[in-house]
Amino acid sequence: MTSTLAQQLDEFLAGWKQRVPAERQAIMERHIAHLKEVGIGRSAKQVGARAPDIVLPDALGNSFDVGRLLANGPVVVTFYRGGWCPYCNLELKAYQDLLPRIIAAGASLVAISPEKPDDSLSTTEKNALTFPVLSDVGQKVGRAFGVVYEFTDELRTAYEGFGLDIPSKNGAPDQWSLPLSATYVIGSDGLILFADTSVDYRHRAEPLDVLAALERREAAE
């Protein structure tokens, strides 16, 4: 039996906790608690709101307008932190596995990260993705959705300890910021039909739940 994304994420997290020093784990826990406290998950775009326009470079550097997909039906939009994030790669692979069923439900799928197109291409190739992977360098779209958070000094130190230079990876000098691992379904009218804006990057919307929402919508029409 194929495991759910939640099961895969939990399995990875259990191994991570065995490998990573306790003090660094505590920093990540404080970071998640901080995001909950400031309420970014609640203030981000939610169901019923109009989704911002999404026009971004794809993995080959070509401009991609998600509005063209919306003309044909709903679009699943998932924000991920980067190809360096193992949780994100598990999520992207899970969506790739479900892509035929998402298409059968009359929908499309795109993924967005703040990384440069070259890195998006690497992520696409590594995970054998056949849906558009877009680069939100500078995070204009992520900020329009309200899902981008700034690093605290402590979090920056932790990422430097992991060997991750986020501004360099994102092509945005001095910008220590990332998006929540948020997932949306946008209707063809531009309104948000589904929103998961969890502040804990270790937990994601279950792709099977997103698919179920799409299938229910199609059945109702």
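**Sheet and helix packing in the predicted model**

Strand β8, which spans residues 183-186, pairs with β9 in the antiparallel sense over 4 bridges. Across this pairing, I186 stands opposite I192 in β9. The structure described here is a predicted model. Both strands belong to an open sheet of 5 strands with mixed pairing, in which the order is β5-β4-β3-β8-β9. The edges of the sheet are formed by β5 (133-135) and β9 (192-196), each of which pairs on one side only. On average, and with direction ignored, neighbouring strands of the sheet are turned by 20 degrees against each other.

Two helices were examined in relation to this sheet. Helix α5 (residues 86-104) packs on the sheet and touches β3 (75-79), β4 (108-113) and β8. The direction of α5 makes about 160 degrees with that of β4. Helix α6 (residues 117-126) lies across β4 and β5, and its course runs at about 160 degrees to β5.

Helix α5 also packs with helix α1 (residues 5-19), at an angle of about 160 degrees and with the two axes 10 Å apart. Because angles over 145 degrees count as roughly antiparallel, α1 is roughly antiparallel to α5. The crossing of these helices is right-handed. On the α1 side, the contact involves L5, Q8, L9, F12, L13 and W16, which meet P86, Y87, L90, E91 and A94 in α5. By class, the residues of this contact divide into 9 nonpolar, 1 polar and 1 charged.

A further helix pair is formed by α2 (residues 22-38) and α8 (residues 153-161), whose axes come within 10 Å and cross at roughly 140 degrees. This angle makes α2 oblique to α8. Helix α2 passes α8 in a left-handed crossing. The residues R24, I27, M28, R30 and H31 in α2 meet E154, L155, A158, Y159 and G161 in α8. The contact of α2 with α8 comprises 5 nonpolar, 2 polar and 3 charged residues.

At the level of the whole chain, 10 helices and 9 strands are present. The C-alpha trace spans about 50 × 40 × 35 Å along its principal axes.

Technical notes:
Residues are numbered from 1 along each chain as its sequence is written. This is a predicted model: local features need pLDDT of at least 70, side-chain atom pairs count only at pLDDT 80 or more; totals for chains, interfaces and linings use all residues. Side-chain values use heavy atoms; hydrogens and water are left out. Two strands pair if DSSP finds at least two bridges between them. Axes are lines fitted to C-alpha atoms, for helices over the stretch in contact, and angles run from 0 to 180 degrees between N-to-C directions. Contact means heavy atoms within 4.5 Å. Angles under 35 degrees count as roughly parallel, over 145 as roughly antiparallel, 65 to 115 as roughly perpendicular and the rest as oblique. A crossing is left-handed if the near helix is turned anticlockwise from the far one by less than a right angle, and right-handed if clockwise. Ala, Val, Leu, Ile, Met, Phe, Trp, Tyr, Cys and Pro count as nonpolar, Asp, Glu, Lys and Arg as charged, and the others, Gly among them, as polar.
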